[in-house]
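Here are my notes for you to read alongside the model. Keep the structure open and look up each part as it comes up.

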Amino acid sequence: MMRTTEAIYKYLRPDKKFPHMWCPGCGIGIVMGALVRAIENTELTKDEIVLVSGIGCSGRISTYLDFNTLHTTHGRALTFATGIKLANPELTVITVMGDGDATAIGGNHLIHACRRNIGITSIIINNNIYGMTGGQYSPTTPMERKASTAQYGSIEKPFDICKLVEACGATFVARGTAFHAKMLDAMMLRALNHKGFSVVEAMSQCPVQYGRRNKLGTPMDMMQWFKDNSVSSPVFDKIPPDEVDEQFPVGVLVNKEEKDYIDRYRDIVKKAGGEVP
Amino acid sequence: MNKRNEVLLQGNEACAMGALAAGMRFFAGYPITPSTEIAEFLAAELPKLNGTFIQMEDEISSMGAIIGASLAGTKSMTATSGPGFSLMQENIGFASMAEVPCVVVNVMRGGPSTGMPTRPSQGDVMQSRWGTHGDHPAIVLCPKSVLECYTLTVRAFNLAEKYRTPVIVLMDGIVGHMWENIEIPPTLEVIDRAKPTVPPEWYHPYENLPGGDITPLAPFGQGYRYHVTGMVHDRSGFPTLDHDEVEQGLKSIINKIKNNLHDIIDIEEYLLKDADICVVAYGSVARSAREAVNMARKEGIKAGMLRPITLWPFPRFHLEGITGRMKTFVIPEMNLGQVYGEVLKSCPKKAVRVTRVDGELVTPDQIFSKIQEVSS
Amino acid sequence: MTPKNDEPIHIFSSWCKQCGICIAICPKKVLEKGPDGYPYAARPEDCILCGMCDVHCPDYAITLQAKHEVKEEVEHE
């Protein structure tokens, strides 16, 4: 497996300001490293890749990587990506969204992209908070956790993103964490090679807006929490529901073969008498 | 699509056919009265041409999808009505800021809110100009007939490609739903997307060249890897907060329209040469206005009509050119005076309005009686 | 301690944000926080080239046995 730094120089935009803008110890840089290593292990050229990011800390990924990049309006990355993929199915379209970007304002688009099983790899960086805007709680902030808009602790049940997208029809769903960096890029590689809609949830630490406000220690402490609480899905399934404390399953959780939207649309073109290239 | 030269068509259908004639091969939309026929027609026709039709989950995603398709190099369009048009505003602003060509059709119905889905209005005039936040230009075309639904949609695509901007085709429910016998113009000029003239290393997607030429938008995937964002950006497309770059960036988006009004603005003048009362009317109301002008002429009143075909940028100079010899401007509209307010700017103290918001078309009699009133 | 060419670990202090992840995650405790806050290889001989520091550095500020010409390497005093 190529080291990050060797791959990173091949894909970073040289004239962009480094060090990048994410806070010290933030996991997004680790996830971006995993994405770059995954892409390095495909045969994809830079021209074939379109990276579509939303608004928020994770949204800035598109400025740093040397692909066709698009930084959309908040929550709408998947809608732009759908247009790109349908207009030119040869392109490899990847979206990167944060937890709020994907499941709050972008939730409607997420569930429909899953239902359509359109050929897009959707990476959702879940740090349980709206970081860019200063630490407001998001749909994945655990109950009782504090945020700038939940000073008394969040009273909302968080989404399980992987279950959500599985229920909506995504045919490849995997979860990794910033601690499991190498496992993450193996999952992203499989997602990129998957035909149909693939989701990789990358749990990532936000040491400043989420970690400090909830006294979760150093960036490494937060990553340690990922390590201590992640279990493979077979192991997780054996834990009786009422005994599940903070554990969560990692790894490939869903992997189904199903005709994707592009193939189904090509059938329509044939039915209508159009000629498919 | 069979070769139909002389045909009875609905306005919505003619608009969809015009889009296909202009080379549109990507439509994303969401059902909404009174524009759904456009989507239904294209759902049947686009697959035949190996084009893409998709019904998205809402109007926000429809707008996002057509921007994505355009960035991938395909002429793209959506169609909606008031409520959907309101939802599209943020992404219309994105298309304007990121200078991505696309066409948005708004078939107006009674507003605000759910309003009167099956009744016409012209209540979205200001929204089509200022619907999205911030300072930005707008190009809005306003058909008054089924034929113009066809020809102005083609023109909308030409202006979108030429000036790398979203263009809005604004028609009221009457124009969208009425049927007319029209002759499909066999040959209409169609402007296709220009190709970049420089190699990728020299390509700056937002660098307007000397002499005001607009840098062509290279489609994603052709070797021109660049960045597109809704943030204020420098000439290479990356976010910037540098004062000069910000100023220059915003100004260039506005000036590319402002410096080409002669090419963008279209109007129709009817019996204006010797007139001293000018009716300013657009869309379906212009049909009543024309009849009212004829009625006035029979009574010896020298009335005429100026019809903005391009509603925005507003034809201010044309009005300023004739205001000297006009006693009064009569502005009939199916709203409470949105264009009336614009005419007032060019011809202060000389404008009167004939407004109707009960869901019916302003009638020739209503306009004619106002003409009589002001001419006596 | 100036890194010699055969040193396994190179750190770019211009990119490093002193987040401490590399120090904490190294299974062989090779790295320590230097007087100026930047990590340095206190026990380079213990390094087993496992790459945990490399893949977990959010800022790509640490490379292992840079075989190729390193883009930018800063002497670390």
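**Notes on the three chains**

1. Let's start with chain C: of its 77 residues, 49% are buried (buried means under 20% relative accessible area, exposed over 50%, partly exposed in between, with a 1.4 Å probe and protein chains only). Please keep in mind that this is a predicted model, where local features need pLDDT of at least 70, side-chain atom pairs count only at pLDDT 80 or more, and totals for chains, interfaces and linings use all residues. Residues are numbered from 1 along each chain as its sequence is written, chains are lettered from A and ligands numbered from 1 in the order in which they are written, and side-chain values use heavy atoms, with hydrogens and water left out.

2. Staying with chain C, you can find 2 helices and 4 strands there (DSSP runs numbered from the N terminus: helices are H or I with at least four residues, strands are E with at least two). Read from the N terminus, the order is β-α-β-β-α-β. Take the contacts in chain C between residues at least 6 apart in sequence: 56% of them join residues at least 24 apart (contact means heavy atoms within 4.5 Å).

3. Now, who touches whom? There are 2 pairs of chains in contact, and chains A and B share the most contacts. Chain B and chain C do not touch, with their nearest C-alpha atoms 21 Å apart.

4. For the A and B contact, chain A brings 39 residues and chain B brings 38 residues. About 3200 Å² is buried between them, and carbon and sulfur atoms give 60% of that (buried area is the accessible area, 1.4 Å probe, that two parts lose on being put together, summed over both).

5. The rule finds 3 salt bridges across the interface of chain A and chain B (a side-chain nitrogen of Lys or Arg within 4 Å of a carboxyl oxygen of Asp or Glu). Have a look at the salt bridge between the side chains of R225(B) and D47(A), at 2.7 Å from N to O.

6. On the side of chain A that touches chain B, α4(A) gives the largest share, 7 residues. By class, that side has 14 nonpolar, 16 polar and 9 charged residues (Ala, Val, Leu, Ile, Met, Phe, Trp, Tyr, Cys and Pro count as nonpolar, Asp, Glu, Lys and Arg as charged, and the others, Gly among them, as polar). Why is α4(A) largely enclosed by the rest of the structure? Because 10 of its 11 residues are buried; among them are F80(A), I84(A) and K85(A).

7. Opposite H71(A) stands T229(B).

8. The A and C contact takes 30 residues from chain A and 25 residues from chain C. They bury about 2200 Å², 66% of it on carbon and sulfur atoms. Here the rule finds 0 salt bridges.

9. Last stop, T177(A), in strand β7 of chain A. T177(A) counts as buried because its relative accessibility is 0%. Its side chain makes a polar contact of 2.6 Å with the side chain of H180(A) (a pair of N or O atoms within 3.5 Å; within protein, one must be able to donate a hydrogen and the other to accept it, and residues adjacent in sequence count only if both atoms are side-chain atoms).

Note on methods:
Pairing = 2+ DSSP bridges.
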